Amino acid sequence: MSAERCAKLPIAAAGMRIGLLGGSFNPAHDAHREISLTALKRLGLDQVWWLVTPGNPLKDVSRLPGLAERVRAAETLARHPRIKVTGFDGGRGSGYTVDLLKALKQRFPSVHFVWLMGADNLAQFHRWKAWPEIFAIVPIAVLDRPGYRLKARAAPAAQRFAPYYVDESDAAGLADLEPPAWTVLSHRLSGLSSTALRETVLKSV
């Protein structure tokens, strides 16, 4: 897969509601797909884009497989017409979510984006670069992860933006709200994680 093909963005029309699920996808797994299907249904989204990043700035990326390899594997697993996979990084290669979101908003000013993430990420969201700015750029939907619901709701980011919390019964309108706006969605929980899958592969080898 060429670098140009890898970084190509899906087509999006004005007014579309699109969920953004970012990560290294090392590897992509069924929990990513479950989160995406839940978001499509509960948030009334037209599409979910898997944004395969150069790497997590908070983690060691020295052994991370190439971007094209991870994009290709994610496409194979996604197998859904409304889940799109891209290695677009905003032309910066920074790996920071805030930079990626700014680039997407500039490229698609009339699209209603929603940032999707697991509750485990909300629990340490205050460690992300410019995390309050992320809340100001797009609405955020937090998907439950086993053992993280209480930790996520008690996290510094959740406490700071508590006045902007949207009950999940009203989540269908989240994409149309002016940020900051965020919710937590309960769904069928999966214990799968990319880290656990990598460790399993290493043990089998």
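Visitor: What lies over the face of Tyr148?
Guide: This is a predicted model. In it, Lys151 lies over the face of Tyr148, at 5.1 Å from the ring centre.

Visitor: And which residue lies over the face of Tyr96?
Guide: Lys129, at 4.7 Å from the ring centre of Tyr96.

Visitor: Switching to ring pairs. How many aromatic pairs does the structure hold?
Guide: Twelve aromatic pairs. One is Phe108 with Phe113: the ring centres are 6.2 Å apart and the planes are at 70 degrees, so this pair is edge-to-face.

Visitor: Is Phe108 buried or exposed? And Phe113, buried or exposed?
Guide: Phe108 is buried, at 13% relative accessible area. Phe113 is buried too, at 2%.

Visitor: What about Phe135 and Phe161, why is that pair called stacked?
Guide: Because their planes are at 5 degrees, and planes under 30 degrees apart count as stacked. The ring centres of Phe135 and Phe161 are 4.0 Å apart.

Visitor: Where do Phe135 and Phe161 lie?
Guide: Phe135 is in helix 6, residues 131-137, and Phe161 is in the loop between helix 8 (156-160) and strand 6 (182-185). The pair therefore ties together parts that are 26 residues apart in sequence.

Visitor: Phe135, buried or exposed? Phe161, buried or exposed?
Guide: Phe135 is buried, with a relative accessible area of 1%. Phe161 counts as buried at 8%.

Visitor: Which residues form one aromatic cluster with Phe135 and Phe161?
Guide: Phe125, Trp128, Trp131, Tyr164, Tyr165 and Trp182 form one aromatic cluster with them.

Terms used: Residues numbered from 1 in each chain as written. Predicted model: local features only at pLDDT ≥ 70, side-chain atom pairs only at ≥ 80, totals over all residues. Heavy atoms only, no water. Phe/Tyr/Trp six-rings, centres within 6.5 Å; stacked < 30°, edge-to-face > 60°. Buried < 20%, exposed > 50% of the residue type's maximum accessible area, 1.4 Å probe, protein only. Helix = DSSP H or I, 4+ residues; strand = E, 2+ residues; numbered from the N terminus. Lys NZ or Arg CZ within 6 Å of the ring centre and 35° of its normal.
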